Amino acid sequence: MSSQTPAKRSGRSVDTAKIGGGLKLLAALLGVMWLSEVIDTATNGSLDQYGIISREPRGLIGILTAPFLHLGFGHLISNTLPLVTLGAIIAISGATRLFQVTAIVTVLGGFGTWLISPPNTITIGASGLVFGYASYLIVRGLFNRRLGQVVVGIIVIMVWGSALLTSLLPQDGISWQGHLCGGIAGLIAAWVLADDRRRVK
């Protein structure tokens, strides 16, 4: 009995550390976004130029920087709530998984936005990341064939579905292209990060 007790405790501590690591990474991502907006506001929007500038070579750097830039604190606050909620669900799987999903959505979604956005436009904001997180959570259970993840996906649809669909409609000042590409990138992330054996099937 004494030999089993440490093993059980070790398992719990590993799970706690995994979740804690994921939440710390999420907090760090949000911290960079808020710090960037503080600096941007203090410098009269000087950082906004580092967004995704469509089909301009100099705009490629924005693929990595755009999610951390926002058009004011109102824009940032509107993205923070879904990022915290959806990101926390992914973070339960650990910092590595959150980083993987974030990297795939940022790079692929950002590149798609760079390709299809109207000319002479600058896209900033984490809404593409929000769409990527949401689509990842919606479909990952289908790739992994795990009932719990399917249920989470259904809940995400029930809570965020209408808002996500509405945000795909063309609106002035809103990049539906970024939303669409972020969502597609989230689907790709769910497929790429699925269990290899199940993905082959």
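Mentor: Let's start with a definition: when two helices cross, the crossing is left-handed if the near helix is turned anticlockwise from the far one by less than a right angle, and right-handed if clockwise. Keep in mind that the model above is predicted.

Trainee: Thanks! Which hand does the crossing of H4 and H7 have?

Mentor: The crossing of H4 and H7 is right-handed, and by definition that is the clockwise case. The two helices pack at an angle of about 145°, and their axes lie 8 Å apart.

Trainee: Which residues of H4 and H7 meet there?

Mentor: From H4 come Ile104, Val105, Leu108, Gly109, Gly112, Thr113 and Ile116. Their partners in H7 include Gly178, Cys181, Gly182, Ala185 and Ile188. Sorted by class, this contact holds 9 nonpolar, 7 polar and no charged residues.

Trainee: Why is the pair of tryptophan 34 and phenylalanine 73 called tilted?

Mentor: To pair, ring centres must lie within 6.5 Å; planes under 30 degrees apart count as stacked and over 60 as edge-to-face. With centres 5.8 Å apart and planes at 35°, the pair is therefore tilted. It also links distant parts of the chain: tryptophan 34 sits in helix H1 and phenylalanine 73 in helix H3, 39 residues apart.

Trainee: What is the volume of the largest pocket, and which residues lie nearest its centre?

Mentor: The volume is about 850 Å³. Of its 40 lining residues, His75, Ile124, Ser127, Ser175 and His179 lie nearest the centre. By class, the lining divides into 17 nonpolar, 22 polar and 1 charged.

Trainee: And how much space lies in the second largest pocket?

Mentor: About 190 Å³ lies in that one. It is lined by 13 residues, with Phe131, Ser135, Leu164, Leu168 and Gly183 closest to its centre. H5, H6 and H7 are the elements that each give two or more residues to this lining.

Trainee: What classes make up the lining of the second largest pocket?

Mentor: The lining has 9 nonpolar, 4 polar and no charged residues.

Conventions:
Residues numbered from 1 in each chain as written. Predicted model: local features only at pLDDT ≥ 70, side-chain atom pairs only at ≥ 80, totals over all residues. Heavy atoms only, no water. 1 Å grid on protein atoms, 1.4 Å probe; cavity = no way out; pocket = protein on both sides within 12 Å on 5 of 7 lines; lining within 4 Å. Points joined across faces, edges and corners; volume = space filled by probe spheres on them. Nonpolar A, V, L, I, M, F, W, Y, C, P; charged D, E, K, R; others polar. Helix = DSSP H or I, 4+ residues; strand = E, 2+ residues; numbered from the N terminus. Axes fitted to C-alpha atoms, helices over the stretch in contact; angles between N-to-C directions. Contact = heavy atoms within 4.5 Å. Phe/Tyr/Trp six-rings, centres within 6.5 Å; stacked < 30°, edge-to-face > 60°.
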